[in-house]
Structures are given as C-alpha cells and as structure tokens.
Amino acid sequence: MIEKFNELFTALANNDMAAASEVGLYFLGMIVMFFIGGVLIYLAIKKDYEPALLLPIGFGAIITNIPLTNIVAGAEGEQGIFGFLYENTIANELFPVLIFIAVGAMIDFTPLFQTPFMLFFGAAAQFGIFATMLFALALGFDIAEAGAIGVIGAADGPTSIFVANAFKLDKGLVAAITVAAYSYMSLVPIIQPPVIKLLTTKEERRIRMNFKQKNVSKLAKILFPITVTVIAGMIAKESVALVGALMFGNLIRECGVLDRLSETAQKELANLVTLLLGITIGTTMTAQAFLNWDTVKIMAMGLVAFIFDTAGGVLFAKFINLFRKEKVNPMVGAAGISAFPMSARVIQKMAKDEDPMNFVLMQSVAANVSGQLGSVVAGSMILVLIGKIIGL
Amino acid sequence: MFGQGLEVTLWGLAGVFSVLLLFYIVVILLGKLKDKEEKEEA
C-alpha cells in the first residue's frame, strides 16, 4: 500500500501524469472492488441472499484487492495460498464435484417417482441456458465463453464453475459467472413470479392438480442413481464426473447402511467445500480481472438466463396442456429450474395466493429435483457440443 | 458463430429431452418394483 502511495506521490512530484493516473486508477479499482465486496457481504447478511457463498465471495473480493497482497500470487510470480487453492480445487474441478456429492446426498427423489411426468419440466426449464448462450454470442463472446455464460441458467453454481473451468476461461470470467450464478439463484423469489404472471392467466394459475401418494421401494431408490449414472455416461462420457458425483451422493443417502457418510456429505463436506469455494472464487475478483464490460454483460446475461428458464418451463406446461386431459398448473413448469427447494416454495406460495386450497407443492418439488438432473445434463450437453467445436 | 450457437441449441435441447425421457422410462420401470414386505402384504 505504502509503495503504491510512494509511486503516486513520485509521479505527481515529477509531473508524470500518465504514471499518476495509472496509480490513481489502481486505487479507484481497489475502492470499487471493496465496495462490491461490501455489497455482497451486505446482501448475504442483511438480505439472506445465499449467505454461505456471497459472504465468503465478498470477503475474498476485499482481501484480494488490498494493494500488493500476495494471497493469490507473490511479487515474483510465486503462488500464494489462494492461488494454490484455486489451481488445486477449482481449476481442476475438484470442488464442484465434491459439492455435487453433497447435493446428491441432500436430494430425495421420492416425489419424482410419485409424479414421473414432472421430469420433462426439468428439461424444458433448461431453455434459458441455450437462449442465454445465443444472447451472449450476439454480444460478442466466443462460443466457449457464451456456453459457460449460458450455464448460469442451470441455476446451479457448481455446474457453472465446472463448465467454465473445463473451457479454460480466464479467472475473471469464471468469477463473474460464479457470482452471477449464485446471486440470481438467491433472487429466484423475485425473478420468477412476474415472469410467471406475465405468461399465465389467473384461471391457469388456479388449476388444481391431483397427487397420488405411493410407496417407493428402497430397491428402486438404490437402483435409480446407479442406472442414471450409467445411462448418462453411455450417452456423454463428459457427464460422468457431474452426474456420477451427484448420484454417488444420492446412493450413500439411499443405501441405508452409510448414514454417517451421508450426514457428513450433507453437512461437513458441504460446509467445508462451500466455505473454501466461496473465498477462493472471491480472491479471483481482482479489479484488473473483474472491472470490465464483460462482467457487466455477464451479470445481465444471468438475469436473461433465469427469465428464459422460467418462461421455458411455463410455456412447455401450457403446450403440454393442449394435449392432456388432466391439466398441469403451468406454474409448476417454472419449478423445473435447479434452484432447490426455493423454486418449489415460490410456486406453492403463488398457487396458494391465487387459491388458498390449491396444493401443488409435491409436483413442484418433483419438477424441482428434475431440474437438478436437467441442469447437470444440460451442462454436460454444453460441454460435449461446444467441446467438439473448440476441440476440447 | 451464431449458426454454431443455433446448432448447439437444437442438439442441446434435443439431448436434454432425450436423456430425461430415458430417465422417465427408468423411473416408471423402477417405480413398479416392490419391497419384500409390500409383496408379502399383497
């Protein structure tokens, strides 16, 4: 810090305005990043927006912009502690995979067995990924960047990080994509309702759906993660890391003999990885890497992704209703995004607001867990298809 | 580049729907499995 001030005073004393403005811009960047870090911490604490991630990211953004800090890289290019963590946990995709094990251990697929049809909403609500990719291409991003930006629409932070790293994007872009993915995930209760209301009538929002409770055998719950992994892996080998980790987590949950491991995955593993993931991503948010128009565009694209995800699910439900005798409440389609269980709760609340006796929670939860499968599959599709184009 | 994006979109969406269709079939088939106790009760 003192060295930078010295540089500034020396430049001013020598009337070297070019050098002075360079150092001045450096300080301005630092102040802006301190502010952004502060905003993320504020949103985490005050608004409860994904606090487990936004708070560490915000703090990481502050400490990495302290002048001449060596937490990421030293003055002579040697690796700092967070540089080491980034290279060995995020760049090599270890953390996203570990998070998936934890997420898998948290998911109960029972509602899906009770209303299997909801799986298709998990596919339809991935429309935002592809629409956003097209928008990003139109804004001048290359195909790999556009694909990774589109995956923000997976509403699934680990998938976004996984794809962005697989395409070997700059750290600044990975950081912007991660911040956008987690920020908008927390904004689902604000983003989804107006989009749903715009695309549905009051009558459609009041549609009641039957739900038949049925027992799901333990054997089915054990075979499901294994079968899904094998099928996904046979179709796209690139999906094995993501789908495999998710389903491994689910298998230890459902097998009935690894309760301790399941609990560890859901609590300690999830907490520890989230803690380190957040602060490590935050430390990549240097002013030089983060403060540019690409970041602004990516943040805007995140909103586009969530809007089109919601619209994709709702419009698909309306389309399905043209052929179905037993109508689907189109709002349930919007729960096909991966933000679990927030989206399902939003849909149930909206249904109750329209008709206090309307219960669509189980269908919404089924669509929501389908969205978790759909988002991983869509992320894998982006990896496969764009990977082929860029020769990955 | 935009053409490539459209191609990725079409194949990508088709891929997601196809894979989830397969998962749907898996869910339907596995849903028919019954536990021993249920079988005995039946």
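Reader: What covers the buried residues of helix 20 of chain A?

Author: A residue is called buried if 20 or more other C-beta atoms, placed from the backbone, lie within 10 Å of its own, exposed if 12 or fewer do, and partly exposed in between. In this predicted model, the cover of the buried residues of helix 20 of chain A includes helix 12 (188-199), helix 13 (202-205), helix 19 (330-334) and helix 21 (361-390) of chain A. The buried residues of helix 20 of chain A are M342(A), S343(A), A344(A), V346(A), I347(A), Q348(A), M350(A) and A351(A). Helices here are DSSP runs (H or I, at least four residues), as strands are (E, at least two), numbered from the N terminus.

Reader: How should I read the numbers in these names, and what limits apply?

Author: Residues are numbered from 1 along each chain as its sequence is written, and chains are lettered from A and ligands numbered from 1 in the order in which they are written. Because the model is predicted, local features need pLDDT of at least 70 and side-chain atom pairs count only at pLDDT 80 or more, while totals for chains, interfaces and linings use all residues.

Reader: Which residues touch the most other members of the largest nonpolar core?

Author: A nonpolar core is a set of buried Ala, Val, Leu, Ile, Met, Phe, Trp, Tyr and Cys residues joined through C-beta atoms within 7 Å. Of the 144 residues in the largest one, F121(A), I149(A), I177(A), I347(A) and L20(B) touch the most other members. Helix 21 of chain A gives the most to this core, with 15 residues.

Reader: What is L20(B) in contact with, leaving aside its neighbours within four places in sequence?

Author: Two residues are in contact if their C-beta atoms, placed from the backbone, lie within 7 Å. With those neighbours left aside, L20(B) is in contact with L119(A), F120(A), G122(A), A123(A), L373(A), G374(A) and V377(A).

Reader: How many residues of chain B are in contact with chain A?

Author: There are 26 such residues of chain B, and they are in contact with 38 residues of chain A. Helix 1 (residues 2-31) of chain B supplies the largest share of that side, 21 residues. Chain B comes to two helices and zero strands, and 31% of its 42 residues count as buried.

Reader: How are helix 5 and helix 15 of chain A placed at their crossing?

Author: Two packed helices are described by the angle between their axes and the distance between the axes. The axes of helix 5 (residues 94-106) and helix 15 (residues 240-254) of chain A come within 6 Å and cross at roughly 40 degrees. Such axes are lines fitted to C-alpha atoms, for helices over the stretch in contact, with angles running from 0 to 180 degrees between N-to-C directions.
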